[in-house]
Amino acid sequence: YTNLIHISEYIANSNELNTKAVWNRDGIDRDGAKFQLYPAVDKFGNLYLHAISGFHEVPASSDYLLEISYAGSSKFHTLKVNALDLINLGEYRKGYTIYVKYLGKTIYSEYLSDEVNDFFNLNHVEFNSYDTDDVAILYHFADGAHAEILSKTLSKYTIDFIDGDTNSIVYSTKIGYGEWARTSIKYFKNWVISVKDLFNNEVEYIKYDASNKRVYISIDSIALGDTLAWIPYVDEFRKKHKCEVICSTFWNDLFIKKYKKITFVKPGEQVDNVYARYRIGHHYDGEIFDNNMNPTNFVNLPLQQTASDILGLPFSEIKPKIVSQPHTPDKLIGLGIQSTAQSKYWNNPTGWQEVVDWIKSIGYTPIILSREENGYMGNFYPSEVYQNPSGPLGNVISLLARCSAFVGVSSGLSWLAWAVG
């Protein structure tokens, strides 16, 4: 290291002017070993031990093996004859002590009682060919706020991830060159990333701004109803943030022609160069909801609010837009009887038969649009009513466009009927 640092002219002990140097003004002479030790910090707050072989007028006669302990770790260093070594001990920490042993005996200790700024003013190292005042930081907001130090620096930087709406620090850590940090929270927040050096100077202040940038939003549920409920908020996010949205769903064909300003991709397809990325779904951590993925417990919310909450949007009911023919009502009334869980069913044993009989009594024709077979999960259809055979979704959309009304339980079919109109 010595060719990278500035070494001032040596001041003989008899003429010593630097009061801090009186710690070792006579050097260390133990069991025939002669060397000098001086602690110092650099402008990034890194602590060093300057080890000098021999004294001013008395050179060392051999190499010395030193054991250096600091901040809970120890290492050995061989101080060779005539060497001037700069030993990096890591970050300066007030309240810690440097210990140096030779031949198993503690021959030097220094308690660090000063703040790093004060210590720097009295004892510092300057690197002549090393200048990293401008730190290069890679940041993005894909699956959480992310920051990475790209500059080849010896310094550690404090990274504060701040909620820009409350101005509160959500997560804080220290990282150096080649290291990164990311928040556990992956849903939308109005993030601010503050980067400070070890002297608490703010060197970077990054505010979330997705305008004119690529944002990837995936609807992770394969269910038709979930997708229909959540797709409107993907478009609302695009409009609010004036960004380019790439979206993946399992039902892209329903939306491509209706949401023309969104780029649709298949689930699992690689999407590069994104500024932010969000995953819409019901996410669990064991038996409970994952509060790093969903900001609120979706069990107690309207289905559509799952999407608005994850994307940081105010909730209001929005009808999805899908590809379908114009609504031309006929004397048909569609029925959606089946669903995905018994808790969603109408568990009235005669209810559906009564509905069918009433529809017929007013001159309309009931038609079951549920694709599940009769008796699915122990749930049976009413008698004397036509069931549309299972087939392409487009056939169901065509029939819904002809229905004057639709009666159904909570299911994808009910969301589809609303979208058709």
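Predicted model: local features only at pLDDT ≥ 70, side-chain atom pairs only at ≥ 80, totals over all residues.

Biologist: How are helix 2 and helix 6 oriented to each other?

Modeller: In general, two packed helices are described by the angle between their axes and the distance between the axes. Here the axes of helix 2 (residues 224-241) and helix 6 (residues 412-420) cross at roughly 40° and come within 7 Å. Helix 2 and helix 6 are therefore oblique to each other, and their crossing is left-handed.

Biologist: Which residues meet where helix 2 contacts helix 6?

Modeller: From helix 2 come Leu224, Gly225, Leu228 and Ala229, and they meet Gly412, Trp415 and Leu416 of helix 6.

Biologist: Now the buried faces. Which residues of helix 4 are buried?

Modeller: The general idea is that an α-helix has 3.6 residues a turn, so residues three or four places apart point the same way. In helix 4 (residues 351-361), the buried residues are Gly351, Trp352, Val355, Val356 and Ile359. They lie on the same side of helix 4 because they cover an arc of only 135° around the axis.

Biologist: What covers the buried residues of helix 4?

Modeller: The cover includes strand 22 (332-336), strand 23 (365-368) and strand 25 (403-408). On the face turned away from the buried side, you will find the exposed residues Trp358 and Ser361.

Biologist: And what follows helix 4?

Modeller: Look for Gly363, which follows helix 4 and has a positive phi, near 90°.

Notes
Residues numbered from 1 in each chain as written. Heavy atoms only, no water. Buried < 20%, exposed > 50% of the residue type's maximum accessible area, 1.4 Å probe, protein only. Helix = DSSP H or I, 4+ residues; strand = E, 2+ residues; numbered from the N terminus. Arc of directions from axis to C-beta. Contact = heavy atoms within 4.5 Å. Axes fitted to C-alpha atoms, helices over the stretch in contact; angles between N-to-C directions. Parallel < 35°, antiparallel > 145°, perpendicular 65-115°, else oblique. Left-handed = near helix turned anticlockwise from the far one by under 90°.
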